[in-house]
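The sequence and structure come first.

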Amino acid sequence: MIILRDTVEIRTSPEQIFDFFVHFREHFMAWHPDHVRCWYLQDGPLREGSIFFEQEYLHTKVRTLEFHVTRLVPCSRIEYKIPPMVKGAFVIEQREPDVLFTAEICFGTGIPLLGKLLDQVLHTFMDHRLRALQQHMVEEGRNLTLILERGTL
């Protein structure tokens, strides 16, 4: 399994970070300049069971991604999957006086032999894309910090 992770320290509260994601559709465009559009399959804020779509520039092209929110722990954790083989999480941890925010994306499968083979294929043919996605995550972390510390929403 390939895991990309980025952690930032934000001078805010866990509630403010969680609220940013509960109202994700409204904040999506401000989060990163490569974000194009976000919409839900059903109306309302983000919740467990939500399915939403994002369009954003990845690797110089607009990509549409389908997210399934699989678990929400208020002010602590949001887990999602992007079919067929991507899972991710946003983790919020209080570390007085700040909050650690971690974004994590996992590619692949946990099936022992198949997983190692798939990891090798991904690294061989998509290494530059994985590096670009990691950089995108770093930029999102930096932008989230600026948005929440400046209160610009």
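The largest nonpolar core has 37 residues, and among these Phe21 and Phe101 touch the most other members. A nonpolar core here is a set of buried Ala, Val, Leu, Ile, Met, Phe, Trp, Tyr and Cys residues joined through side-chain atoms within 4.5 Å. Helix 3 (residues 112-150) contributes the most to this core, with 6 residues. Helices (H or I, at least four residues) and strands (E, at least two) are DSSP runs, numbered from the N terminus. With neighbours within four places in sequence left aside, Phe21 is in contact (heavy atoms within 4.5 Å) with Trp31, Leu46, Ile78, Phe90, Phe101 and Leu144. In soluble globular proteins, nonpolar side chains tend to be buried together.

The model is predicted: local features need pLDDT of at least 70 and side-chain atom pairs count only at pLDDT 80 or more, while totals for chains, interfaces and linings use all residues. Residues are numbered from 1 along each chain as its sequence is written, and side-chain values use heavy atoms, with hydrogens and water left out.

Rings of Phe, Tyr and Trp (its six-membered ring) pair if their centres lie within 6.5 Å; planes under 30 degrees apart count as stacked, over 60 as edge-to-face and the rest as tilted. By this rule there are 16 aromatic pairs. One of them joins Phe20 and Trp31: the ring centres are 5.8 Å apart and the planes stand at 75°, so the pair is edge-to-face. Because Phe20 lies in helix 1 (residues 14-22) and Trp31 in helix 2 (residues 24-31), the pair ties together parts that are 11 residues apart in sequence. Ring pairs also link a cluster whose members include Phe20, Phe21, Trp31, Tyr40, Phe90 and Phe101.

| Residue | Relative accessible area | Class |
|---|---|---|
| Phe20 | 1% | buried |
| Trp31 | 3% | buried |
| Cys75 | 24% | partly exposed |

Cys75 has a positive phi of about 60° although it is not a glycine, and it lies in the loop between strand 4 (61-73) and strand 5.

Which peptide bonds are cis? The bond from Pro83 to Pro84 is cis, with omega near 10°, and Pro84 is in the loop between strand 5 (77-82) and strand 6 (86-95). The bond from Glu96 to Pro97 is also cis, with omega near 0°; Pro97 is in the loop between strand 6 and strand 7 (98-107).

Key: Buried means under 20% relative accessible area, exposed over 50%, partly exposed in between (1.4 Å probe, protein chains only).
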